[in-house]
Amino acid sequence: MSGDTTEFRILAAELGHGAKLAPGAVRKGMGAVGEMVARQWHDNAVQTSGTHAKLYPSSLGFDLGVSPGGALVDVGPSATDYNQGFLGRVLEFGGRRSPAHLDGLKALDSTQPKVEATLTALLNPLVP
């Protein structure tokens with residue numbers, strides 16, 4: 001998922017001071033989005049992972065980064081930092097012996113209204 005600030009930079013002269021603040025607002029918003037989706041994904045995984053993957057929910061988190069056009073957030077399991085993060089692909093997409101849980105997709109779908117409201121609340125004050 002990424003937030004692009006390119007259009008804000010192009011319109012900077014027309015929008016004035018708000019456009020200069022937009023990249024920081026987008027970064028702050030993407031951090032909030034990452035936290036929301038990761039928390040919901042964790043909650044979903046707690047319900048679906050059962051006893052066979054009880055440590056998997058603890059592997060879920062997010063990383064906030066910078067892209068050439070703005071900010072980006074990577075949400076999901078960490079295969080290197082936590083036990084059972086490596087199970088993410090099998091649990092999310094299924095395998096020969098297990099159905100797909102799709103907890104990440106469900107988290108994204110259920111948080112979409114909050115995500116939009118958060119970004120709107122951060123960016124609306126910047127536009128005259």
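Which residues of the largest nonpolar core touch the most other members?

1. **Ground rules.** This is a predicted model, where local features need pLDDT of at least 70, side-chain atom pairs count only at pLDDT 80 or more, and totals for chains, interfaces and linings use all residues. Residues are numbered from 1 along each chain as its sequence is written, and side-chain values use heavy atoms, with hydrogens and water left out.

2. **Overall fold.** The protein chain has five helices and three strands. Along the sequence they run β-α-α-α-β-β-α-α. Both kinds of element are DSSP runs, numbered from the N terminus: helices are H or I with at least four residues, strands are E with at least two. Of the 128 residues in the chain, 37% are buried. Here buried means under 20% relative accessible area, exposed means over 50%, and partly exposed lies in between (1.4 Å probe, protein chains only).

3. **The core.** Back to the opening question. The largest nonpolar core holds 20 residues, and V37, W41, Y56 and V75 touch the most other members. Helix α3, strand β3 (70-77) and helix α5 each supply at least two residues of this core. The largest share, nine residues, comes from α3. A nonpolar core is a set of buried Ala, Val, Leu, Ile, Met, Phe, Trp, Tyr and Cys residues joined through side-chain atoms within 4.5 Å.

4. **The second largest pocket.** Its volume is about 160 Å³. Ten residues line this pocket, and the closest to its centre are W41, V75, G104, L105 and L108. Helices α3, α4 (88-93) and α5 (103-123) each give two or more residues to the lining. The largest share, three residues, comes from α5. By type, the lining has eight nonpolar residues, one polar and one charged. Ala, Val, Leu, Ile, Met, Phe, Trp, Tyr, Cys and Pro count as nonpolar, Asp, Glu, Lys and Arg as charged, and the others, Gly among them, as polar.

5. **How the pocket is found.** On a 1 Å grid over the protein atoms alone, a pocket is an open set of points where a 1.4 Å probe fits, with protein on both sides within 12 Å along at least five of seven lines. Lining residues have an atom within 4 Å of a point. Grid points are joined across faces, edges and corners, and the volume is the space filled by probe spheres set on the points.

6. **The salt bridge.** The count comes to one salt bridge. It joins the side chains of R39 and E35, at 2.9 Å from N to O. The rule asks for a side-chain nitrogen of Lys or Arg within 4 Å of a carboxyl oxygen of Asp or Glu. Both residues lie in helix α3 (residues 17-48), four residues apart, about one turn of the helix. R39 is partly exposed, at 45% relative accessible area. E35 is partly exposed too, at 41%.

7. **S49.** This residue sits in the loop between α3 and β2 (60-67). Buried or exposed? S49 is buried, with a relative accessible area of 2%. A polar atom of its side chain lies 2.8 Å from the backbone oxygen of A45.

8. L102 is found in the loop between α4 and α5. Its phi is near 55°, a positive value in a residue other than glycine. L102 is partly exposed, at 34% relative accessibility. V90 lies in helix α4 and is partly exposed, at 38%. V90 and H101 are eleven residues apart in sequence and 8.8 Å apart in space, C-alpha to C-alpha.

How values were computed
Polar contact = N/O pair within 3.5 Å; in protein donor to acceptor, adjacent residues only side chain to side chain.
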